[in-house]
Amino acid sequence: MKQTARIISIHAADTSGVCSMLYELGGMVVVHDASGCNSTYSTHDEPRWYRQDSMIYISALTEADAVLGNDEKLIADVTSAARDLSPRFIAICGAPVPLLAGTDFPAIAAEIEARTGIPCFGLHTSGMHSYLTGASEALEAVVSHFCTDSLLRTEKPTANIIGATPLDFSISGATDSIRAWLAKAGFELVSCMAVGSSLDDIRRASSAHVNLVVSSCGLATAELLRQRFGTPWVAGVPVGERFPAVLAEALSDAAESGKCALPCAERDATGSAKRIVIPGESIFSGSLARAVELDTGVPCRVLCPLEAEDRLLAPGDQRIFDEDAAAAAFAGASGVIADPMYAPVCPPDVPFRRLPHEAFSGRCYRKESLNLIDRPLPWRL
Amino acid sequence: MLKRLNGQDDMTGAEIPIRDAAFPAPFVSGLEYNAPARGPWNIVHTGMLIPESHQVFACAQGCLRGVILTAAEMLEMGRMSWISVDRNDLFDGSLERNIVDGTAEIIRKLPKKPRALLLFISCVHLFAGCDFEFMLGELRAMFPDIDFIDCYMNPTMRKSGLTPDQLMRRQLYALFAPCPADPKTVNLIGNDRPTDGTSELAQLVKLAGWELRDITLCRNYEEYMRMAKSTLEITYLPTAKASGDALEKRLGRKHLYLPLSYDFDEIERNLASLADALGIAAPDWSEAKRNALRALDRAKEIVGDTPVEIDYTATPRHIGLAALLAEHGFHVTRVYTDAMIEEERPAFERLRALAPDLLLTATVHAKMRFAGKGVHERGDVLAIGQKAAYFSGTKHFVNIVSGGGMYGFDGIARLADRMVEAATHEQDTETVIQYKGLGCRSCL
């Protein structure tokens, strides 16, 4: 049945997505929860936690405060901490119990903003969706608030990277490699949302000619920037040897034409032929599928266990909602490229290539993380 | 960020000299930070102590993530399954049915049926009025050869009764039903690591000719269930006391709470109580006491005037430990504790008199985010506990949680030896304290 798994893992939740996306921007993030969300996030979902300080907290919600609707405690605690720590902004979001209690986060955010004078965003997490929805809403809220001025574009092509978090790219050097590849492709970076760039870098996002969306959690922000400033976006990750050139061309075309593009989904996975299946985040997995096909000629199919707009998937790609669906798809495949925590449901006669995904297996296989950006794929397929 | 006052970060509200501190809660509650010290066990680690058992967690994705990856890191994914709760489940009346059907499906898919199944529900189930008894009844009818245990991951209720940790330690023994007792058998209840065989507690049990049973030593389900037949229950961790009380009530067996202590008189009283329950005369503990004192002297010689910092994860009696060390001339400068337990009150008063300038420091206060890794430079520190090691930034620390299995005079001597070892050897603090569940296997 759906929502049940015997042995595989589960993806990081929306609250972790919020924290991960906003980690480096100088804001304060408060998850309205008893205790578990922060511990899970800081242990399993956040490789920066030990070495890089960030104001990520929980509210330490109690039963009495939840039952009695004591939102004043949350408001007062956030206000007090904000006065001590002077964050650039505040984001508050909730776990399951506030959802059940009907906590009104936008209203609470408005009250905190009025008391502190610091921009405050109330987000709609519940701990019941994946990291992509939380990261998406968090980034969109910040960009919507801070990127309001239409800045002049330079003559030299410029770009933002949108949607990068360690949940999708770990700390394997992949985001640095994307930056280097972008420079090699002739684009100057305005900001990388949200790894390695400051809030002030992001404020200048409107000066970019084009936006590169590297995870589906960046798509809403890219759309916002398109609507607000007319900046086109291109969805894809420059993995493998040949796909980076395709992506670079798509970026140049988009910068020139103003039209958005989805090279990650420009594939056809229909037909009954056996394919390598790649479960994971849609833009990365689609890019990898494209890269495998271009570099090796082996046909692929993306399996999408996460939230994704239809347009991010190619014809023949498959949404999988549970462990059984993953197992069935693996059984009919010529091979699997997936996080090692999918391995127990892969039949022994189907070749399984390990590709750790932090948002699925946390830090378990971080030492095995692969940087696939702009280089030959590591597998003989 | 934090304002610098007189060259120091402003830690007002996050630390306080013990002379000015209120007992048992020296700090105002507020937003909470989570320090990256992962040694203390959680409910998954504890539940895994039941041999041949399987865990099924029913909760929201965010909550599942932590427990699943706990099991994954300890290389026990084969004993962990899950059922996720989504928004609709809360409102369409399907909570119970989803859990029953999901658990049944999981059991049918397992390569081997578990002897016991620990079914965990979470805060939202309790808020939504989920009927746990009904679910367990259905599952027991479907799988009569499996023992089901109701378990709870409900941190929102942590201040409404037993904490999830206390509840888990109690539910570890929930399967024990009244039965004829095996003579001269005693259970050590609620611990997550074995107690040193050299401790006076273990020695006394041996001396009396009794058998000591402990879940941490059980190799199979039969050995675990044999604990149900023991004559006497002993607990020594505060988080385990409710387990002993529950067993006493349910099984009609005597429960002795002999709290882990660093106070010589209290230790002697505990051992006298145990000797009495075992039906033997209390031995003379003079030599054991002298051994402990000699070990403390040796440690003092090595540690010298190096500041000692202690945190609450190292031992539930962290205030008592600080008092013992201060009494023996150690330069104890800081204790990390967010709140204290009532049984620490006498030690608190003693410590306040002995070392009024000693700082009590919160670990979860929002300002502590910027107080880790030794940023508040204070030279070399000997830490006892992982959080003390993290905040002080030292590489010299005693790596223990929950008392480390050290008990009695022997425990004090061993702890003193561990202090010597810590003072003379460096550890890679960042790596060591990030292993989850100290003593468990790890894939990291």
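This is a predicted model: local features need pLDDT of at least 70, side-chain atom pairs count only at pLDDT 80 or more; totals for chains, interfaces and linings use all residues.

Into which domains is chain B divided? There are three: domain 1 is formed by 4-30 + 292-432, domain 2 covers 43-168, and domain 3 covers 185-278.

Between domain 1 of chain B and domain 3 of chain B, the C-alpha centres are 28 Å apart. Domain 1 of chain B brings 20 residues to the contact, and domain 3 of chain B brings 19 residues. On the domain 1 side, the elements that supply two or more residues are α13 (318-327) and α16 (408-424) of chain B. Of these, α16(B) makes the largest contribution to that side, with six residues.

I now turn to chain A, which is divided into domain 1 (14-146), domain 2 (158-264) and domain 3 (266-368). The centres of domain 1 of chain A and domain 3 of chain A, taken over C-alpha atoms, are separated by 32 Å. Eight residues of domain 1 of chain A and seven residues of domain 3 of chain A take part in their contact. Two or more residues on the domain 1 side come from each of α2 (36-45) and α7 (131-146) of chain A. The largest share, three residues, belongs to α7(A). That side consists of three nonpolar, four polar and one charged residue.

Why is strand β4 of chain A described as largely enclosed by the rest of the structure? The strand spans residues 90-94, and five of its five residues are buried, so the rest of the structure largely encloses it. In a regular strand, side chains alternate between the two faces of the sheet. In β4(A), both faces are covered: Ile90(A), Ile92(A) and Gly94(A) are buried on one side, and Ala91(A) and Cys93(A) are buried on the other.

The neighbours of this strand can also be named. Strand β2 (residues 28-32) of chain A runs parallel to β4(A) and is joined to it by five bridges. Within that pairing, Met28(A) is placed opposite Ile90(A). Strand β5 (residues 120-122) of chain A is likewise parallel to β4(A), with three bridges between them. There, Ile92(A) has Gly122(A) as its bridge partner.

A further residue of chain A deserves attention, namely Ala235(A), which lies in strand β9 (residues 233-235) of chain A. Is Ala235(A) buried or exposed? Ala235(A) has 30 other C-beta atoms within 10 Å, and it is therefore buried. Leaving aside residues up to four places away in sequence, Ala235(A) touches Val213(A), Leu219(A), Leu262(A), Cys264(A), Ile283(A) and Leu312(A).

Finally, I come to the meeting of the two chains. How many residues of chain B are in contact with chain A? The contact involves 57 residues of chain B and 55 residues of chain A. On the chain B side, two or more residues come from each of α2 (61-73), β5 (80-84), α3 (87-91), α4 (95-109) and α5 (123-127) of chain B. The largest share, 10 residues, is given by α2(B). The chain B side divides into 28 nonpolar, 14 polar and 15 charged residues.

Notes:
Residues are numbered from 1 along each chain as its sequence is written. Chains are lettered from A and ligands numbered from 1 in the order in which they are written. A residue is buried if 20 or more other C-beta atoms lie within 10 Å of its own, exposed if 12 or fewer, and partly exposed in between; C-beta atoms are placed from the backbone. Helices (H or I, at least four residues) and strands (E, at least two) are DSSP runs, numbered from the N terminus. Two strands pair if DSSP finds at least two bridges between them. Two residues are in contact if their C-beta atoms, placed from the backbone, lie within 7 Å. Ala, Val, Leu, Ile, Met, Phe, Trp, Tyr, Cys and Pro count as nonpolar, Asp, Glu, Lys and Arg as charged, and the others, Gly among them, as polar. Domain bounds come from an automatic or database domain assignment.
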